[in-house]
Amino acid sequence: MRSSVVWKNLSETVEVTHFSSQTRTNQIYLKKVKALNTKDNFKTIFLFHDLASHHGRFTHLVDWFRAQHPDVSFVLMDFAGHGLSSGTRGHIEHFNDLVDDLAHVFSLLNKTENEEWIALGHGVGALGLLELANRFDDKLNLKIDKFILSNFVLNFSSLILNIQDKLIENATALKGLMKSTRPVEIYLPDQILSDSNEQRRYIDDPLIVRRPTYHSLQCINTKVRSLYQDAYFLDKPTLLLKSSSPYLFTNGMDSFSKGFKKDLLTEKKYSNLKHDLYNERDNLVVFNDIAQWIF
């Protein structure tokens, strides 16, 4: 893969760079993990994280694939305000800004003739991919061959309403300050992870944003209201991954899938796994399902 940005070698197979956000106010972190075995026909998986998260939350997935399928390469990005990208921590000003940066990743990189590109998004990352697919951009549609979307029908609506009512009740003057407030911690470790060691790793992770801005939750809630129509516009093979999570709308993933062309859709449900699928105790089940679907 080639691009117009300057890459820095971290190792023989890992390169990193920053590019200017489409808002021109932030620097976006981008990482490439090259395949260990190169051949004429290979696959690249693009990984896009959830709200308050960062690219490092996919480490287990990348390491497993490198051991089991060394001909797969990866591209990972941190959204503005997340991970190693600049910007107000845990803040999404406009959802389309996030999608513009996501789209720019695909435009920066050149796809070889026999290469297959798979775009995987978790939570907000999946919402961004859905919005991108909805833009009918032929250049991008020709590049992306498959989608993997996990735990993206996010439920922050009741939380937003409760926060809003409380702030307005206390002082009307606070209405103008709600945009930047960080009123509550989301994604409690014991609600997204089963393993105590992974819960501790999450708590100790300095790149995790424990309290995103209220405005970010509003942006996500607005996008979720319109996402059910997105299924009608997806015309690429798509794998939907759903776990048991209090952060998802009840039956929301099932409702979303009803709009799909059935010959393009594969669904996997994990009733014994929590929200953070890629760091769960039994994540190897998820990794194997992804690999079997890809190959």
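Where is the place of Asp190? Asp190 sits in helix H6, residues 189–192. This is a predicted model: local features need pLDDT of at least 70, side-chain atom pairs count only at pLDDT 80 or more, and totals for chains, interfaces and linings use all residues. Residues are numbered from 1 along each chain as its sequence is written, and side-chain values use heavy atoms, with hydrogens and water left out.

**Asp190**

- Asp190 counts as partly exposed because its relative accessibility is 46%. The scale runs as follows: buried is under 20% relative accessible area, exposed is over 50%, and partly exposed lies in between (1.4 Å probe, protein chains only).
- Arg200 comes 10 residues apart from Asp190 along the chain. Their C-alpha atoms are separated by 9.6 Å.

**Overall build**

- The protein has 10 helices and 9 strands. Helices (H or I, at least four residues) and strands (E, at least two) are DSSP runs, numbered from the N terminus.
- The radius of gyration is 19 Å, close to the 19 Å that the globule rule gives for 295 residues, so the protein is as compact as a globular protein of that length. The radius is taken over C-alpha atoms, and the rule is 2.2 Å times the number of residues to the power 0.38.
- Along its principal axes, the C-alpha trace spans about 65 × 40 × 40 Å.
- Of the 295 residues, 56% count as buried.

**The sheet**

- Strands of a sheet pair through backbone hydrogen bonds, either parallel or antiparallel.
- Here 9 strands form an open sheet with mixed pairing. Their order is E1-E2-E3-E5-E4-E6-E7-E8-E9. Two strands pair if DSSP finds at least two bridges between them.
- The edge strands are E1 (8–9) and E9, each pairing on one side only.
- Strand E3 (residues 27–33) is mostly covered, with 5 of its 7 residues buried.
- E3 runs antiparallel to E2 (residues 14–20), and 7 bridges join the two. Thr17 stands opposite Leu30 in E3.
- The hairpin of E2 and E3 has 6 residues between the strands. In this hairpin, Arg24 takes a positive phi near 70 degrees.
- E3 also runs antiparallel to E5 (residues 72–77), joined by 4 bridges. Leu30 has Met77 as its bridge partner in E5, and Lys32 stands opposite Val75 in E5.

- Helix H3 (residues 124–133) has 10 of its 10 residues buried, so it is largely enclosed by the rest of the structure. Among the buried residues are Gly125, Gly128 and Glu131.
- Helix H2 (residues 95–108) has 14 residues. From first C-alpha to last, H2 reaches 20 Å, close to the 20 Å expected at 1.5 Å a residue. The expected span is 1.5 Å times one less than the number of residues.
- Buried residues in H2 include Phe95, Asp101, Phe106 and Leu108.

**Cavities**

- The structure holds 2 cavities of 30 Å³ or more. On a 1 Å grid over the protein atoms alone, a cavity is a set of points where a 1.4 Å probe fits but cannot get out. Lining residues have an atom within 4 Å of a point.
- The largest cavity has a volume of about 140 Å³. Of its 15 lining residues, the closest to its centre are Asp50, Ser53, Arg57, His122 and Asp276.
- A volume is the space filled by probe spheres set on the points, with grid points joined across faces, edges and corners.
- The lining of the largest cavity divides into 7 nonpolar, 5 polar and 3 charged residues. Ala, Val, Leu, Ile, Met, Phe, Trp, Tyr, Cys and Pro count as nonpolar, Asp, Glu, Lys and Arg as charged, and the others, Gly among them, as polar.
- The second largest cavity holds about 40 Å³ of space. Its lining is Leu240, Lys242, Met253, Asp254, Glu267, Lys268 and Lys269.
- By class, that lining has 2 nonpolar, no polar and 5 charged residues.
- Strand E8 (238–243), helix H9 (252–257) and strand E9 (265–270) each supply at least two residues of this lining. E9 gives the largest share, 3 residues.

**Largest pocket**

- The largest pocket has a volume of about 250 Å³. A pocket is an open set with protein on both sides within 12 Å along at least five of seven lines.
- The largest pocket is lined by 16 residues, of which Asn26, Ala80, His91, Ile92 and Glu93 lie nearest its centre.
- By class, the pocket lining has 4 nonpolar, 9 polar and 3 charged residues.
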